[in-house]
Amino acid sequence: MITTTHYLVLSLILFTLGVVGLMVRRNFITVLMCIELMLNAANLNFIAFSRQLGDLTGQVFAVFVITIAAAEAAIGLGIIVALVRLKQTTDLDRVNVMEG
Amino acid sequence: MSWFLVHFAQLVFYVMASCVIAGAVGVIAFRSPVHAALSLLASFLGVAGLFVLLEAEFLAAVQVLVYAGGVMVLFLFVIMLVKARAIPREPQYVNRLVPAAVGLGVVLALLLGAGMWASVTGAPADAAALQRVAGAQLGNTEAVGWSLYRDYLLPFEVVSIVLLVAMIGAIVLGRKEPGKEGRA
């Protein structure tokens, strides 16, 4: 029997992997992918609770999360293109102009 | 045969869950961004399968279309667009951050786990509520549509404006600066 807790633990693992990837990687493109992983974990939680409580609100908000994730990916990748044009790199460690 | 039917959902769950986790680990572990993107695709598809298992068929379709179709193509396009030498070649782990990242991950896992432990005490839904979620005639898509356009119309419109802003922003960011033609 697969319970809601199974899904919550899976989404917990997924979110934690996303955070670890966010800190460990320094390629901007991979960092964006890790953010997508974290948003997916949130969606999994929303839908698991929607099922647990028999309430559609979770699924509606998962639709919103997917929309925001798509917008975020478009903006992030636009920033990458602009960054490569400016500094010829996607290495986050080399993007430190604002440090003064 | 009946054993198989009883345990089929479990089997699907564990296959999909291992697909999701292996994909996520691949995103972190692969050095090549193309490999990471394909690994992310496996993770997305696993999540879509889990949505089907959770009887959210509409969300599963949206997940495949938007993530596996749209976002993934966008990622691959940008990886191809960016010159190969722009992507950091050096060992990609920032060594001094790895202990901090693992420590933060453990702390976060404990915190989230504690929160979930506290939250999964509500009683499961009754049959009538599950029926409402499944949709009366046309299935889950109908039910989500009713909820989205009746109860959450204003958030829906706001989100569509967010999408418009993101689209304009992406166009502005991707445009060449006037007077700097020929760089890029």
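In which loop of chain B is B:Glu55 found?

Author: The model is predicted, so local features need pLDDT of at least 70 and side-chain atom pairs count only at pLDDT 80 or more, while totals for chains, interfaces and linings use all residues. Residues are numbered from 1 along each chain as its sequence is written, chains are lettered from A and ligands numbered from 1 in the order in which they are written, and side-chain values use heavy atoms, with hydrogens and water left out.

B:Glu55 sits in the loop between α2 (33-53) and α3 (57-81) of chain B, where helices (H or I, at least four residues) and strands (E, at least two) are DSSP runs numbered from the N terminus. Its phi is positive, about 60°, although B:Glu55 is not a glycine. Most residues other than glycine have a negative phi. At 38% relative accessibility B:Glu55 counts as partly exposed, a class that lies between buried (under 20% relative accessible area) and exposed (over 50%), with a 1.4 Å probe and protein chains only.

Helix α7 of chain B (residues 153-174) has 22 residues and should span 32 Å at 1.5 Å a residue, which agrees with the 32 Å between its end C-alpha atoms; the expected span is 1.5 Å times one less than the number of residues. The buried residues of α7(B) are B:Val159, B:Ala166 and B:Gly169. Seen down the axis of α7(B), these buried residues fall within an arc of 80°, so they line one face of the helix, the arc being that of the directions from the helix axis to the C-beta atoms. What covers the buried residues of α7(B) includes α3 (57-87) of chain A, whereas B:Leu154, B:Ile161 and B:Ile171 are exposed on the other side of α7(B).

Key:
Contact means heavy atoms within 4.5 Å.
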